Amino acid sequence: MNNSKMQQLLSQGKFLVTGEIGPPKHANPERIIKHATELKDYVDAINLTDNQTAVVRLSSIAASVHVLQAGVEPIMQMTVRDRNRIALQSDLLGAYSLGIRNVLCLSGDHQSFGNHPMAKNVHDVDSIQLIQIVKNLRDKKIFSCGEELKGQEPRFFIGAAANPFADPFEFRVLRLEKKINAGADFIQTQVVFDMERFEQFMAMVRKRGLHKEAYIIAGVMPLKSARAAKFMQQSVAGITVPEDIIKRMERADDPKQEGIAICVEQIKHLQKIEGVAGVHIMAVMWEDIIPTIVKEAGLHNR
Amino acid sequence: MIVAESKPLTEVANLIDNAKKVLIVGCSGCVTVCMSGGQKEVGILASKLRLLRKKEGNPLETVEVTLTRQCDPEYVETLKKYVTDDIDVIISMACGVGVQFLAERYNKWVVPGLNTKFAGGTTEHGVWEERCGLCGECILYKTGGICPIIRCSKSLLNGPCGGSQEGKCEINSEIPCAWQLIYDRMQALGRLDLLMEIQPPKDWSKSRDGGLRKVVREDVKLDE
């Protein structure tokens, strides 16, 4: 069985670059394959979101397989919103059997944000409990119920999310620690715009030695316009955008170019922060800009 | 208490269809306290329905009775003398328990007059809030007396999700983040260490997932 390539790279000390593709709201995988092919030489792995913002989309397992077939390593996102522990474990076994090696364990956006707000949410387990389930399947070969797994166990490289910009701020590092204690091997953070707060967060992370226990990959996002920046600032839960970024976007003659420039600056800054093991570029609906950003950040052909 | 609110008048009018005589049954328990199904509300619904049907030229006869509790067979039995042959429909203005106890006892078409909302209490005059998810295995000792099962919109057991901002839940700025409340309280009580313990998946078999739940107390059962 092949192991996670991403895990190998991280253990070799390579500064990792991951991208993200949001699967389509239909059954045609062409766009996923196209983006994966475009990103192939620029990222080490690609996240496939699991019905993000609670909108029904092509499943993250299937999307991961398409990416894998296109020659890129997938990071399958898995939320606890829509599946109970039976379905989650079943999908973990299935995903591993299809060659998927990385899983990012998430709570998931609340269904009230999506296109089926009348749906019943599941939340049988929470994201930390899911991390523990994936770890126990791998390391102890037991199911959540305690029953032994006889045969090939799914050996996932386990990911979790951290949001340094949500509240209560002081608890964010403790929650990260809980996720690592539960079994997280790598962490992908919420999009970083507020570098000051992120630096503060990382200082707390280093103080507790957490950067040595898990690989922390910082999220970045290129902004397309001042309007998009304001929307992120005002309407997206768990994201903060400082005023100076909004002003820079407002003053720019070519906002897209400015957005790319800001993103590249941020990546260069993040590379210098002790304990940051890579960057996760979230450019959903603007996936084709990722190669430009990677090149400008000097992360191409590392 | 069980908190309930009235169904819209048009809905209740549809539920009784073309009935000529209805028995409207109130409850003096929780729904009286939360002002939705007590004697007063029974009277109001009865007169509204009569008025509506009078306007439609299809007069309705109503009988109004309010029981001490509809969730108790002893009181449900006292309704017997009002359940006459000419009653076409019984409207229960209790919670869902009352509706079912009436339906189990009487061979009549029983419809709910209320929507049963939750187990909660009054926070200010005219405002009721949910507090208990009736999950069957109380964990409030782990969370400083604040229930994450029902007050966190994702029922998280290990801390706040990434959508908690400035003390509010991501789904609605009117809803306090339960985990912010728990964090603040644990900090004030010097018990933050408890929040670092990883809580295992909950045993939902003690909750609603196993069909009808039952509590049997041998010590209070009457010997035959």
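**Figure 1. Packing of helix H3 of chain A in the predicted model.** The buried residues of H3(A) pack against strand E1 (16–21), helix H2 (30–39), strand E2 (45–48), strand E3 (74–79) and helix H4 (85–97) of chain A. Helix H3 spans residues 60–69, and its buried residues are A:Ser60, A:Ile61, A:Ala63, A:Ser64, A:Val65 and A:Val67. After H3(A) comes A:Gly71, which has a positive phi near 90°.

**Figure 2. The aromatic pair A:Tyr96 and A:Phe156.** Over all chains, the whole structure holds 5 aromatic pairs. In the pair of A:Tyr96 and A:Phe156, the ring centres are 5.5 Å apart and the planes stand at 75°, so the pair is edge-to-face. A:Tyr96 belongs to helix H4 of chain A, while A:Phe156 sits in the loop between helix H5 (127–140) and strand E5 (157–162) of chain A, so the pair ties together parts 60 residues apart in sequence. A:Tyr96 is buried at 4% relative accessible area, and A:Phe156 is buried at 1%.

**Figure 3. The aromatic pair A:Phe157 and A:Tyr215.** The ring centres of A:Phe157 and A:Tyr215 lie 6.4 Å apart with planes at 55°, so this pair is tilted. Because A:Phe157 is in strand E5 and A:Tyr215 in strand E7 (residues 215–220) of chain A, the pair ties together parts 58 residues apart in sequence. A:Phe157 is buried, with 1% relative accessibility, whereas A:Tyr215 is partly exposed at 27%. Together with A:Phe186, A:Phe157 and A:Tyr215 form one aromatic cluster.

**Figure 4. The interface of chain B and chain A.** Here 28 residues of chain B contact 36 residues of chain A. About 2600 Å² is buried between the two chains, 55% of it on carbon and sulfur atoms. The side of chain B that touches chain A has 12 nonpolar, 10 polar and 6 charged residues. Between the chains there are 0 salt bridges and 23 residue pairs in polar contact.

Technical notes: Residues are numbered from 1 along each chain as its sequence is written. Chains are lettered from A and ligands numbered from 1 in the order in which they are written. This is a predicted model: local features need pLDDT of at least 70, side-chain atom pairs count only at pLDDT 80 or more; totals for chains, interfaces and linings use all residues. Side-chain values use heavy atoms; hydrogens and water are left out. Contact means heavy atoms within 4.5 Å. Buried area is the accessible area (1.4 Å probe) that two parts lose on being put together, summed over both. A salt bridge is a side-chain nitrogen of Lys or Arg within 4 Å of a carboxyl oxygen of Asp or Glu. A polar contact is a pair of N or O atoms within 3.5 Å; within protein, one must be able to donate a hydrogen and the other to accept it, and residues adjacent in sequence count only if both atoms are side-chain atoms. Ala, Val, Leu, Ile, Met, Phe, Trp, Tyr, Cys and Pro count as nonpolar, Asp, Glu, Lys and Arg as charged, and the others, Gly among them, as polar. Buried means under 20% relative accessible area, exposed over 50%, partly exposed in between (1.4 Å probe, protein chains only). Helices (H or I, at least four residues) and strands (E, at least two) are DSSP runs, numbered from the N terminus. Rings of Phe, Tyr and Trp (its six-membered ring) pair if their centres lie within 6.5 Å; planes under 30 degrees apart count as stacked, over 60 as edge-to-face and the rest as tilted.
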